[in-house]
Amino acid sequence: MAGAFSFISFISGWPASLTAVTIYLSVCAVQDMKQRRISLRWSACMGTLALVVDLAKAGAFMNEAGNVLPRELLSGILFRLTCLAPGCLLLILAAAAKGSAGAGDGICFLIVGAFTDARTVWILLAASLFLASVFGIVLICMRKADRKTRLPFLVFAEAAWAIVLLSRLCRVKW
């Protein structure tokens with residue numbers, strides 16, 4: 001039993017979640033660039049993994065007798081909802097834009113939010129939007145694109161993730 005607990009502690013730690021997000025974003029960025037869509041099977045697998053990791057952390061919401069602590073459980077649920085908010089926002093924008101924005105971006109940010117904390121996923125969204133905007137402006141200035149040109153957003157999310165990782169390594173406070 002001790003071996004299983006140490007494995008669960010390992011997979012629910014930050015470095016494993018960081019690795020999972022890096023792999024997931026990399027695969028989705030390549031798919032977005034080549035096919036203009038992401039695999040729902042891949043996203044479902046990663047979402048399931050994120051759920052398993054969250055369930056492994058659920059022991060923090062129990063006391064020694066195994067009873068659920070309601071205040072801690074409620075705060076955990078509210079925390080997870082704030083982590084999923086950027087993905088929900090992108091899905092709402094995709095539905096409102098009727099094809100101008102992809103729902104895959106929202107799904108991808110939901111999965112990233114399931115693995116990380118709220119601050120990280122909001123910074124990732126802001127940095128992705130900034131990078132995509134700068135790249136789009138450069139393309140327009142060079143007359144290589146117009147304002148209707150569609151860019152694969154997850155490529156910029158992957159670049160922004162690299163910036164987030166570097167800032168974590170350098171211990172930059174946001």
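**View 1. Packing of helix α5 against helix α7.** In this predicted model, where local features need pLDDT of at least 70, side-chain atom pairs count only at pLDDT 80 or more, and totals for chains, interfaces and linings use all residues, helix α5 packs on helix α7 (residues 153-169) at an angle of about 25°, with the axes 10 Å apart. That angle makes α5 roughly parallel to α7 (angles under 35 degrees count as roughly parallel, over 145 as roughly antiparallel, 65 to 115 as roughly perpendicular and the rest as oblique). Axes are lines fitted to C-alpha atoms, for helices over the stretch in contact, and angles run from 0 to 180 degrees between N-to-C directions. Helices (H or I, at least four residues) and strands (E, at least two) are DSSP runs, numbered from the N terminus. From α5, residues G104, D105, C108 and F109 meet F153, L154 and A157 of α7; contact means heavy atoms within 4.5 Å. This contact of α5 with α7 has 5 nonpolar, 1 polar and 1 charged residues (Ala, Val, Leu, Ile, Met, Phe, Trp, Tyr, Cys and Pro count as nonpolar, Asp, Glu, Lys and Arg as charged, and the others, Gly among them, as polar). Residues are numbered from 1 along each chain as its sequence is written, and side-chain values use heavy atoms, with hydrogens and water left out.

**View 2. Packing of helix α5 against helix α6.** Helix α5 (residues 103-115) and helix α6 (residues 118-141) have axes 9 Å apart and an angle of about 145°. F109, V112 and G113 on the α5 side meet V121, L124, L125 and S128 on the α6 side.

**View 3. Helix α6 along its length.** The end C-alpha atoms of α6 are 35 Å apart, which agrees with the 34 Å that its 24 residues should span at 1.5 Å a residue; the expected span is 1.5 Å times one less than the number of residues. Buried residues of α6 include V121, L124, L125 and S128 (buried means under 20% relative accessible area, exposed over 50%, partly exposed in between; 1.4 Å probe, protein chains only). C141 is exposed, at 62% relative accessible area. After α6 comes R143, with a positive phi near 60°.

**View 4. Surroundings of S43.** S43 lies in helix α3 (residues 40-57). Its relative accessibility is 5%, so S43 counts as buried. Not counting residues up to four places away in sequence, S43 touches Y24, I38, I107 and I111.
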